[in-house]
Amino acid sequence: MLPDALFWNVHMYGIMIALGILACFLVLYLYSKRLGVETKLVDFAFYDGVFSIIVGFGAAALVQATLNYIENPAAGFRIGSGITVVPGLIGGAGFFLIVYFLLRKRMDLHLLRILPVVPCCITIAHAFGRIGCFFAGCCYGRETDSALGVHFKYVSGNRLPTQLFEAAFLFLLFAVLTLLVLKWKCPYTLSVYLVAYGIFRFIIEFFRGDDRGQIFGGALSPSQVGSIVYLLLGIGWFFLHRYLLTRGAQSAEEPPATNA
């Protein structure tokens, strides 16, 4: 395992996060250009995305601090004690949509034209972020004696590198989403992402060895509850998206109204 700090105060976690964000916006630009999305919409997605990432990190840190406080009130409420990815993704997406709905009429924006690209951007950024978690030694798995075990300096014993398992899954999911968008022109990539990641994250939580928090008497972790929300959102959005596309196609086929 490479050292967390490379030189001075530069850490691999920060480098991976930076690479992930760079890859995110590079994919946004290249894929949107390939699909012929208008520049105005791409620019909006870029600037709204920048602020959504900031809000997402804030939401992730706030939720984790709240869970830590509920579990141990004596330690006080401390922001910066870690982040929880699923609430961060939901918070960032919520902010993105709020800004969109506030400006869509004024700027004549049509989100459905660029929406298939968005899950590709999220997935590639998240994959690099998980590699960063591996170098930072957080989000580790259960203790194991298998050849897959990795020693992290902040915890005893060899642990399953669940960060790398998740990164591998996310890179694979990114490849699948890329094929769906660029080759098959599939409009339902957001639903594919939400359902696929929701199922994977629910399962990988059983192999995590760090403190996951407890909900429903310890039956589920907070991230597993978030994964269920992901799954339900993905299924619901698929049917709503299909309805919107069908209605749009029907409207395009209707002849223009004339005055009798």
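User: Arginine 201 and glutamate 166: buried or exposed?

Analyst: Both are buried, where buried means under 20% relative accessible area, exposed over 50%, and partly exposed in between (1.4 Å probe, protein chains only). For glutamate 166 the relative accessible area is 2%, so that residue falls under the 20% cut-off. Bear in mind that this is a predicted model: local features need pLDDT of at least 70, side-chain atom pairs count only at pLDDT 80 or more, and totals for chains, interfaces and linings use all residues. Numbering starts from 1 along each chain as its sequence is written, and side-chain values use heavy atoms, with hydrogens and water left out.

User: What makes arginine 201 and glutamate 166 a salt bridge?

Analyst: The closest N and O atoms of the pair are 3.9 Å apart. That passes, because a salt bridge is a side-chain nitrogen of Lys or Arg within 4 Å of a carboxyl oxygen of Asp or Glu. Arginine 201 sits in helix α6 (residues 189–204) and glutamate 166 in helix α5, so the bridge ties together parts 35 residues apart in sequence. As for the helix labels, they are DSSP runs (H or I, at least four residues; strands are E, at least two), numbered from the N terminus.

User: Why does glutamate 38 count as partly exposed?

Analyst: Its relative accessibility is 26%, so it lands between the 20% and 50% cut-offs. Glutamate 38 bridges to arginine 113, with closest N and O atoms 2.8 Å apart. These two link the loop between α1 (12–35) and α2 (39–71) to the loop between α3 (85–107) and α4 (118–136), 75 residues apart. Arginine 113, at 46%, is partly exposed as well.

User: Why are α5 and α6 called roughly antiparallel?

Analyst: They pack at about 165°, axes 11 Å apart. The axes are lines fitted to C-alpha atoms, for helices over the stretch in contact, with angles from 0 to 180 degrees between N-to-C directions. Angles over 145 degrees count as roughly antiparallel, under 35 as roughly parallel, 65 to 115 as roughly perpendicular and the rest as oblique, so α5 and α6 are roughly antiparallel. Residues in contact (heavy atoms within 4.5 Å) include Phe165, Glu166 and Leu173 of α5 and Tyr193, Phe200 and Arg201 of α6.

User: And what makes α4 and α6 roughly parallel?

Analyst: Their axes come within 9 Å and cross at roughly 30°, so the pair is roughly parallel. Arg130 of α4 and Arg201 of α6 are among the residues making that contact.

User: Why does glycine 129 count as buried?

Analyst: It has 10% relative accessibility, hence buried. Glycine 129 is in α4 and, leaving aside neighbours within four places in sequence, is in contact with Tyr13, Met16 and Ile17.
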